[in-house]
Amino acid sequence: AAALLVFFSVLAGLFSARAGFSFLLVFLLAGILAGEDGPGGVVFDDVNLSFWVGNVALAVILLDGGLRTDFATFRTGLRPAMLLATVGVVMSAGLTGLGAWWLLGLDWRLALLLGSIVGSTDAAAVFALLKSSGVRLNERIAATLEIESGMNDPMAVYLTIAFIGVVLAHAGGGAEGASAWGEAIKTLLQQFGLGGVAGLAAGAALAALLKTTFPRFAEQQAGGGVGGGGILALLCMSLGLAVFAGTSWVGGSGFLAVYVMGVTARARARDAVAPALSALDGYAWLSQAGMFLLLGLLLTPRELLPGLPAALGVAAFLMLVARPLTVWLCLLPFRFAPREVVYIAWVGLRGAVPIVLAVF
């Protein structure tokens, strides 16, 4: 049943892609149709499984994105992307929280928690769109979008966890003093610091390993032996997941670590990484398919209907006010053309990351 669900989702996605319909949305809808409110009737409410699958899938997708990012391109869009991935996420979360407070009448803490959950763009959706659309973008715009989507998850995760703490402290009658905010700043520095260092170290180690092993696989392939691409992809993916898990375990950002690892390995061992990209693309698509199908199964449409008008109002505020205003303010120092700013603002796709953060 699971295999057929994936098969028909991919088949539907191939046809829908011609009409410009999002491939990933097809998987999400397939999961909803297979769920308890759809023809499939499958009752699924395992939040823990969805949480773990979502996190692992995002790690694979970010690794694939990092290994496809040229360092020259990375440098081109690094400064604007970094500003969007840090200050931009905070601004977007704050403005969306303001909209939620105004539209829903939420307590300001809950409103900012909601803004934090939808604060980051989704790497899976952005990478898939840029790869499948066939549109040739200005290198600076493409780099800005790719790097922003790959690096803004840690800030959204941090803000979400911080405001969950604030909400729980308020509900329990705890004090929200300077010490609590000091701890939050310490956690932020720890997430970004450990994530960046772990990613750079792991990327350098992977590059050194690939430079050693790749020539042997190339010789075997030339002599009719085992092909190196699939094995190299498995090597990269397994190390990437280990780095993601290990960094998260010690309190760093696993998302940032695995993306930086991919970019560093690509920069140091480009030729050795290239054969693995085709197989990694398959791993990334499998991760996206599994993640969106599972998240679709987790959704129960009839339970969402009462909150639909308010949710659409917040979504509209995010798309039409919070994201454009944030992008415009963050890109002011970098002299982007007005139409480029509008395009970057509109490709602020939300996807699996906010759903996974909502599961938090």
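**Helix packing and cores**

Tutor: In this predicted model, helix 13 (residues 277–298) packs with helix 17 (residues 352–359) at an angle of about 50°, and their axes are 11 Å apart. Because of that angle, helix 13 counts as oblique to helix 17.

Student: Is the crossing of helix 13 and helix 17 left-handed or right-handed?

Tutor: The crossing of these two helices is left-handed.

Student: And which residues in helix 13 and helix 17 meet?

Tutor: From helix 13 come Met291, Phe292, Leu295 and Leu298, and they meet Ala352, Ile355 and Val359 of helix 17. By class, this contact has seven nonpolar residues, with no polar and no charged ones.

Student: How many of the residues of helix 17 are buried?

Tutor: Helix 17 is mostly covered, since six of its eight residues are buried, and these are Ala352, Val353, Pro354, Val356, Leu357 and Val359. The buried residues of helix 17 pack against helix 13, and also against helix 3 (47–67), helix 5 (108–117) and helix 8 (153–171).

Student: Switching topic, which residues have the most contacts inside the largest nonpolar core?

Tutor: That core has 73 residues, and those with the most contacts inside it are Leu67, Tyr259, Leu280 and Met291. Helix 11 (residues 254–268) gives the most to this core, contributing nine residues. Apart from it lies another core, of 14 residues, including Val126, Val327, Phe334 and Val341.

Student: What is Leu280 in contact with, leaving aside its neighbours within four places in sequence?

Tutor: With those neighbours left aside, Leu280 contacts Asp64, Leu67, Arg68, Ala233, Cys236 and Met237.

Technical notes: Residues numbered from 1 in each chain as written. Predicted model: local features only at pLDDT ≥ 70, side-chain atom pairs only at ≥ 80, totals over all residues. Heavy atoms only, no water. Axes fitted to C-alpha atoms, helices over the stretch in contact; angles between N-to-C directions. Helix = DSSP H or I, 4+ residues; strand = E, 2+ residues; numbered from the N terminus. Parallel < 35°, antiparallel > 145°, perpendicular 65-115°, else oblique. Left-handed = near helix turned anticlockwise from the far one by under 90°. Contact = heavy atoms within 4.5 Å. Nonpolar A, V, L, I, M, F, W, Y, C, P; charged D, E, K, R; others polar. Core = buried A, V, L, I, M, F, W, Y, C linked by side-chain atoms within 4.5 Å. Buried < 20%, exposed > 50% of the residue type's maximum accessible area, 1.4 Å probe, protein only.
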